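Trainee: I am new to this structure and would like to go through it step by step. May we begin once it is on display?

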Amino acid sequence: METLNFRFENGCRNIGPQAQLAGVVSSGNLEILIESTALNGACEVVVNTSAAGFGVTWRAVVTDFNLRWQLRDARLAINDMGATPAVVSLRLDQAAESVTQPPAKSEASV
Amino acid sequence: MTTPSRIWNTLQINRNQRLDRVRATLGTAISGKIVQAEQTCDLLHQVLDCGDRVCLEGNNQKQADFLSAALATLDPKRINNLHMLQSVLALPEHLDVFERGIASRLDFSFSGPQAARLAKLVSAGKINIGAIHTYLELFARYFVDLTPRVALIVAEAADRHGNLYTGPNTEDTPAIVEATAFKSGIVIVQVNKILDTLPRIDIPGDWVDYVILAPKPHYIEPLFTRDPAQISEIQVLMAMMAIKGIYAEYEVQRLNHGIGFDTAAIELLLPTYAASLGLKGKICKHWALNPHPALIPAIEAGFIESVHSFGSELGMEAYIRARPDIFFVGHDGSMRSNRALCQAAGHYACDMFIGSTLQIDLQGNSSTATLGRIAGFGGAPNMGADARGRRHASPAWLKAGQQARKGKNVIPRGQKLVVQIVETFREHMQPAFVDKLDAWELAEQANMAIPPVMIYGDDVTHILTEEGVANLLMCNTDEEREQAIRGVAGYTPVGMARDQRAVENLRDRGIILRAEDLGIDKRMATRDLLAAKNMKDLVRASGGLYAPPKQFRNW
Amino acid sequence: MTSYLESSARMRVNALLDANTFTEFLPPSKRVTSPHLAVLNTPVSFDDGVVIGEGKLRGKSVMIASQEGAFMGGAVGEVHGAKLVGLLKRAAQDRAYAVLLLLETGGVRLHEANAGLIAVSEVMRALLDSRAAGIPVVVLIGGSNGCFGGMGIVARCANAIVMSEEGRLAMSGPEVIETANGVEEFDSRDRALVWRTTGGKHRYLQGDCDKVVSDDINAFRNAAVDAIETCYKVQISLTLSALLDEQQMLEQRISQFGTETEPLNIWARLGVPDPAAVSMMEAESFMQMATTATRPTRSAS
Amino acid sequence: MNWQALTAELFPQGHTITERELFLSGTGTVDGKIVTVIGTTGHAAIGVEIALAQAKSVLHTVQHFPARPIVILVDTQGQRLRFRDEMLGINSYMAHLGKSLDLARRLGHRIIGLVYDQALSGGFITSGLMADACYALPDATIRVMGLPAMARITKVPEAMLTALAETNPVFAPGAENYLRMGGIEAIWEHDLATNLARAIDGAGDADRRAESGLARGGRMMTKRVIETILGATAADSHVCTT
């Protein structure tokens, strides 16, 4: 397992108070827990991944995510089982959508 | 002036000698053309000579498995140095003949499941590979310089005169038998049944020398069945981009698809997404394609007018029989496929090929070769190549040609659309985009004259990934082309090394198209768009006519 | 229609209960994860693969658990098992109207096998405690991983089982049997055989399942409501007479069908008019057809 | 230890236990009182017949001998791995045995399990693990699966599993590990008859394994998780407001 930490300062978009979960931990997939927490305006991402050695890729994917969303006081915790960047980006967007607009009816609060 | 008179019929003489040997040895064990299965090895020992070119029928679907097993048990002291000609090396026995010293030389097209073992035998010096071909290329050589002396083929049924019924999996049989029978070769067939009257005759009996009733029906691989349950939302997104960004853009009416899940997703989006864009009747009317079960919803929705096939697909028999306007069927009602003719159709009569690959380099060359495996090509290179001999026009062909030639002082002509559809990473985080194809190293390892490239970069017109579509036709320079490829290569090292400004510039010019540039809302890309989400939905769509093989069922 | 099979454990819970009534216990944000996976280099999940909590079903308060088949095959580890036990105990404590168990599991999680095995037996005990307390337990099975291993036993300890035909209920998976005794014993790649041996329709005809529904969460919801109501009409806790009836039913099953080697023959002998046609029948027509069969009636065991 | 030697030691006051196709049944005398004995021997694979036979004995005891204790002697290689058993619904047979034992417990029968040889996975769940308390002999083998098979299935290297097994009770085979996790109440080193009598006297119908697992340091999470859920208030749980 490898743990990666990323922090992006000065976000501008607030998120809802409700923690949300996107995705599941399975081969080639991941789960993302997104929570509102006081981080001085920053967005933090913690990745626990079974696929070691992809720190550079993660940094790029998460940096682009931050550019798209600019979340503020948000913490994302990720359990990953070798998801590709395409899947990671999709889940990140789903997670962000779930806390920035009213969730669709089948989405869960956690 | 006395020229020694040349004998002009040595092949016929030799053929008759072999037939005599068989008669002398097997005697009453042969009745007409029918040889008892237990006598197969005796028959082969008599028919074959050392060094013969032997065509063993077998491709990625049906297999002359009984004959190949028999061949592998021959006595290498009596029969050796055979030169094997094969579309596909699929069974262990196909390599056993080399390991046991019965054969030593090989010309083939595809080796799928045996690719790793083939590589080992080659490096151990047990196999001397003449060349790795495409199907059509190999068939062509059967009529030029690789004519089989003996062909070991497979059919569904024979009658007492040796007439053959192949059933829907006619596949390579006509090409092989024609080349062998008309050059004084010997044709031996294994059949599942011997009938008094055949449903139809696919191969005339006088082209066939010996018929063997195999103890077990020959194996057929359901190679083209893709369970819709395994299609991911990313593949749905890519399919949406393909339909809107390429199919609709060029009004592609005649085409061929690869066999992966990426293209299965496209097939399943025709009655839903494509229909919602008003594309019914405008795209995807005529196909050179095996009867993919994933086509059923599009056929039922009236999208598709005709399908000609290389081979058949297990479980589709009753459905095909009930849709004779769509498929090519005999008067008996069952399909007739023909690999050689369908390859020609795919090459000359289709406006587009779209398929997946394992690696793409910065020139757009794509390869499925991986280290330690000699896998070959099959039919993809013929589908995925511009038909330089084509002379008839169609809107899609002309538009592609115009884009490719814009601003150049050349005579107008069209071009085939060749689309590579890949996710930027395969499973286990293997990047699909690389600086240098593994094919180079493989060529070195296996002493090949050239790296085994499946589709050459100069034939590729579009690359489609989850990041977007790159239209290589509109690139003016090699540098632009490289940036266009990097620009859809996602987070692979190749993609991350892009020149961001150049990529945005290409995007402004419509050379790179993102989902949002195409007006596609990524959140719409869910499995709910699939016209069938699982195998049972396909059965339902077929009105119960499609009968999936048992390994694909969950009911 | 929302496919039960394609939905995640979490989506199933939310779609099954009355809208916006679900309250999760130990939600992912609490991060109660398995302490045993990290040493084996295996990722954890924030809910350890099972969603538990309370909510309303047609206005009645129920406890619900839903296993996530995608995470480690829904297998039961220490935390996962303890969550199920806790939920069942909570049901008794809070006098819930019923417990719904949405099972999708391969059984014991091998990475923490000893804890998992004990946990499965604790779940079984807790389930039977719930029944003894007069709270019915209804099991729903319709995920792609089926319900196997010790949890296949647990399922049959519940008051009622609702399955889709895609759902499977058994003990040892076909791959395990094939590995142990060869492909001649059980060809795990013959999925048609796997399903007619372990799938919802076979289990229904045999009397091990109470209803077959289509792969639709709403169909499961309606069937769950009906099943709970039936429990209240019949009997919730175990009784000697019900178990004696079950003993008889199971003995009869062996004596009637113990020498059969093909489920289709069993169906035929149960009076199914065209066994070969069963696999393609939709759930509703299957249920209608099955009324003509002499299916063993389940006791309230 | 074979079952004859075992039962001689367990029931010095006599027993009527017989073996029929690896299934043991009969009665034994403990402290002058009759107990029902069921069990298996010869590493029996538990198929539908043997599960049903055990349940039958249990129900017979419930029906005819109120409050008579039940002793389960465990020696099994696990559930029978056969197509036929699955087709017939072996899980239903196992569940039936489990439910029969549970009914007996609720009707006042004390139930004691003893693993005298081996106890594997599915064969153990509805026998020893359904007892009020389960005990083991020192040489007993208890496991779900051997390490090599576990390595294949989990894809964790076998060497890693073997190394971890030295210190980690959570997946490695062994009665001692089950003791630490609370699955086994105690290991009986000697004097089986006295131990059995004491076990029957001390047995109760509550499931205390989570407590034992915590007290013995083998399962640190179970009890806490259960208690958190039982005490869960809006602060611990999360009310869906959307």
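Trainee: Which residue of chain A forms a salt bridge with B:E233?

Mentor: Please bear in mind that the model is predicted. A salt bridge requires a side-chain nitrogen of Lys or Arg within 4 Å of a carboxyl oxygen of Asp or Glu. The closest N and O atoms of this pair are 3.1 Å apart, and the count between chain B and chain A is one salt bridge. The partner of B:E233 is A:R91.

Trainee: How many charged residues are on the side of chain B that touches chain A?

Mentor: Chain B brings nine residues to this contact, and chain A brings 17 residues. By class, the side of chain B has five nonpolar residues and no polar ones. The number of charged residues there is four.

Trainee: What area do chain B and chain A bury between them?

Mentor: The size of an interface is often expressed as the accessible area lost when the parts come together. For chain B and chain A, carbon and sulfur atoms account for 68% of that area. The buried area is about 1,200 Å².

Trainee: What area is buried between chain C and chain D?

Mentor: The contact here takes 84 residues from chain C and 79 residues from chain D. Carbon and sulfur atoms give 65% of the buried area. That area is about 7,000 Å².

Trainee: Which three residues supply 12% of the area that chain C buries against chain D?

Mentor: The three in question supply more of that area than any other three residues of chain C. They are C:L110, C:N114 and C:R125.

Trainee: Which residue of chain D forms a salt bridge with C:E251?

Mentor: Across the interface of chain C and chain D, five salt bridges are found. In the one formed by C:E251, the closest N and O atoms are 3.7 Å apart. The partner is D:K56.

Trainee: Which helix of chain C gives the most to the side that touches chain D?

Mentor: This interface also has 39 residue pairs in polar contact. The helix in question spans residues 113–132 and contributes 15 residues to the side of chain C. It is helix α3.

Trainee: Is C:T23 buried or exposed?

Mentor: C:T23 lies in strand β1 of chain C, residues 23–25. Buried means under 20% relative accessible area. Because its relative accessibility is 11%, C:T23 counts as buried.

Note on methods. Residues numbered from 1 in each chain as written. Chains lettered and ligands numbered in written order. Predicted model: local features only at pLDDT ≥ 70, side-chain atom pairs only at ≥ 80, totals over all residues. Heavy atoms only, no water. Helix = DSSP H or I, 4+ residues; strand = E, 2+ residues; numbered from the N terminus. Buried < 20%, exposed > 50% of the residue type's maximum accessible area, 1.4 Å probe, protein only. Contact = heavy atoms within 4.5 Å. Buried area = accessible area lost by both parts, 1.4 Å probe. Nonpolar A, V, L, I, M, F, W, Y, C, P; charged D, E, K, R; others polar. Polar contact = N/O pair within 3.5 Å; in protein donor to acceptor, adjacent residues only side chain to side chain.
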